[in-house]
Every structure is written in structure tokens, then in C-alpha cells.
Amino acid sequence: MNEEAAQHIENCRYGEALEVLDFAMETLHSVAEHEEDEDQFEQPAASTCEMYEQSATNPCSDAVKSSRTPISPQMTEDFDGDFVYTTPMRYVDSEETELDAISMGVILTFNMALTHHISAMMSKKKGNMAFKCALKMYQLSFCLLLKGEAQLSVTQVLALTNNCGQIYKHLKREAKARTFFTHMLTTLMTMIEGGDADDVDNLDGFMWNASRFILEDPALAAAA
């Protein structure tokens, strides 16, 4: 189902994508409840993720309507010069390990968030509503990611970090944005120094966002 949703996103059918993702999350939640290892997908503490109880239902289902308007892959000209990772996540195939419920939950919620994020960038009429919906789903994705050892690629983790930071920046929550971009920049610099940066897709875009934000921050720029 995630593959079907990913294709809808890539073909600008955002309403259809959300319908598929909603159903996929409901199915995942139902299956997890009946598995022997139920604690793998149990509800985290409220202080960690208050909206987890809504994970089987998209809390922003009315924010995105069906649309076929194309979007720039990087949005560098259309959205304040920011890089936004707009490629939907897909399951990472592995012969050694079976994809777990946590990983599937992270991927599905990221794609929900991405759909709202793209919609928000496309339409100024919605104001910040769709951005906030996207942020809620990104937060849920992070919540699940931190709960267990999700099987994600480095690029996928960076994409989640980048897009969260970009929305926080847009909403003028500078402290939160700084946290995400600083972490991303530190991670990227460590990978570059270790010779592991070749494994990162869209490296230039991630570096652009992180370094640009740092340089625009007077305090951080002075410290650098």
C-alpha cells in the first residue's frame, strides 16, 4: 500500500495518497495489536508523543484535497530558497532482516506528513494549517523512530530532520529549527570527514539548508 501511495504522491494525486496512507496505518495498527510482540508498537508515554492515539487516523484529513499540480523536486525557487525533500519514503529491502512495525509506521507517517507539506507549499490559501498538519505527522514519525531501531537509510533520516527544520523555520520557531539544522549539519560534517557522504542522496540540498540557516543566525555565525 505504501508503494501505491508513493506513486500517487509522485503523480501529484495527494488526496488519493492520503486515503491509501490512512488505510495502511489502520491496517498496520490492527495487525500490530494482534501480534505476539504487541509491545513493539504499543503507545509511547503521553509526554513523548501525545498524538500517538491518533496514529491510525490522519488528524488532518481535510487539509488536503485531490490535486494534480506538479511541484519542483527541490523547491529552491518556489519556497524561500529552502530545500525540501519531496521524495516519498519506500521500504528499504533487506534479505537479512524483516521490516518491523516501527519502521513501517515511520515511513507511512513520513509520507502523510510529506503530502501535507507539499500541499502547504503549493497553496498559500491554507495559511499555516497544512504546515502544522505536516509537522504533527513528522513529529509522530520521529516519535516512532526514537522508540525503536527503525530500518531507515541515512538519507531517509536526514529527510525527516530536514523537513521538520524547514517547517519550524517557516513557522518562525527559530529555536526548534536551529536544533534540527544544527544536528543535521553536525551529522553531515561527521559523515563527510569519515568518507561516508557518498551514501547520502541530495547531499547538496541538506547542506544548503543547514549551513544557510546557521549563517543567517547572528549568534551562531559569530561563534563559527
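Me: What share of the contacts with a separation of 6 or more in the protein chain comes from residues 24 or more positions apart?
Reply: The model is predicted; local features need pLDDT of at least 70, side-chain atom pairs need 80 or more, and totals for chains, interfaces and linings use all residues. Residues are numbered from 1 along each chain as its sequence is written, and side-chain values use heavy atoms, without hydrogens and water. A contact means heavy atoms within 4.5 Å. Among contacts in the protein chain with a separation of 6 or more, the share from residues 24 or more positions apart is 73%.

Me: How many helices and strands does the protein chain have?
Reply: Both are DSSP runs numbered from the N terminus: helices are H or I with at least four residues, strands are E with at least two. Along the sequence the pattern reads α-α-α-α-α-α-α-α. The count is 8 helices and 0 strands.

Me: Is Cys12 buried or exposed?
Reply: Cys12 sits in the loop between helix H1 (2-10) and helix H2 (14-34). Its phi is near 65°, positive in a residue other than glycine. Buried means under 20% relative accessible area, exposed over 50%, partly exposed in between (1.4 Å probe, protein chains only). Because its relative accessibility is 9%, Cys12 counts as buried.

Me: Which class does Asn202 fall into, by its relative accessibility?
Reply: Asn202 lies in the loop between helix H6 (174-193) and helix H7 (203-216). Its phi is positive, about 60°, although Asn202 is not a glycine. Its relative accessibility is 32%, so Asn202 counts as partly exposed.
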